[in-house]
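Below is a short walk through one protein model. Look at the sequence and the structure, then read on.

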Amino acid sequence: MAEGQDISAWIALFIGLYALGAAVGELRSPGSWAAMLDGFETSEALRFLTGIVVLSLGATIYLVNPYDPADWLSILVTVIGGGMVVEGVVILGFGRPFLHIASSMMGAVNRVWALFSAALGLVLICVAMLRF
């Protein structure tokens, strides 16, 4: 079981692993993120389930993370959890337009987003490992 002071680091580690894994998937199979967003745009059920999952995970991160104003990682993890809650609510309420905007933002620069995701994932993993 994680100690209270380690929870932010554990959450950062798992978010980093997620970001790195997603980036590797996109880099190995270019266009998979765009295809996924197209699927979200056309499927009401998939949008609903995605909104519920993102909202639930964000709320869990937000509530479980011990907020410490003196710890920048704790603040970052709390902001990420809160952002996920907002994203989940937006997907539930405005799914199609929101995902259309996300799809157009990705456009032809999927590789750039994937490299950014990989860099973010590696940074979060390193920060988390330095905390243990």
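**Helices and salt bridges**

R47 counts as buried because its relative accessibility is 6%, below the 20% cut-off for that class. The model in which this residue sits is a predicted one. R47 forms a salt bridge with E44, with 2.5 Å from N to O. The two residues are three apart in helix 3 (residues 44–64), so about one helical turn separates them.

E44 also meets the side chain of R96 in a salt bridge, at 2.9 Å from N to O. This pair links distant parts of the chain, since R96 lies in helix 4 (residues 72–106) and E44 in helix 3, 52 residues apart. R96 is partly exposed, at 42% relative accessibility.

A search of the whole structure finds three salt bridges. One of them joins R131 and D71, at 2.7 Å from N to O. R131 belongs to helix 5 (residues 110–131) and D71 to the loop between helix 3 and helix 4, so the bridge ties together parts 60 residues apart in sequence. D71 is buried, with a relative accessible area of 14%, whereas R131 is partly exposed at 30%. Through shared partners, salt bridges join E44, R47 and R96 into one network.

Now the protein as a whole. It has five helices and zero strands. The C-alpha trace spans about 45 × 30 × 25 Å along its principal axes. Of the 132 residues, 33% count as buried. Among contacts between residues at least 6 apart in sequence, 75% join residues at least 24 apart.

How values were computed:
Residues numbered from 1 in each chain as written. Predicted model: local features only at pLDDT ≥ 70, side-chain atom pairs only at ≥ 80, totals over all residues. Heavy atoms only, no water. Helix = DSSP H or I, 4+ residues; strand = E, 2+ residues; numbered from the N terminus. Buried < 20%, exposed > 50% of the residue type's maximum accessible area, 1.4 Å probe, protein only. Contact = heavy atoms within 4.5 Å. Salt bridge = Lys/Arg side-chain N within 4 Å of Asp/Glu carboxyl O.
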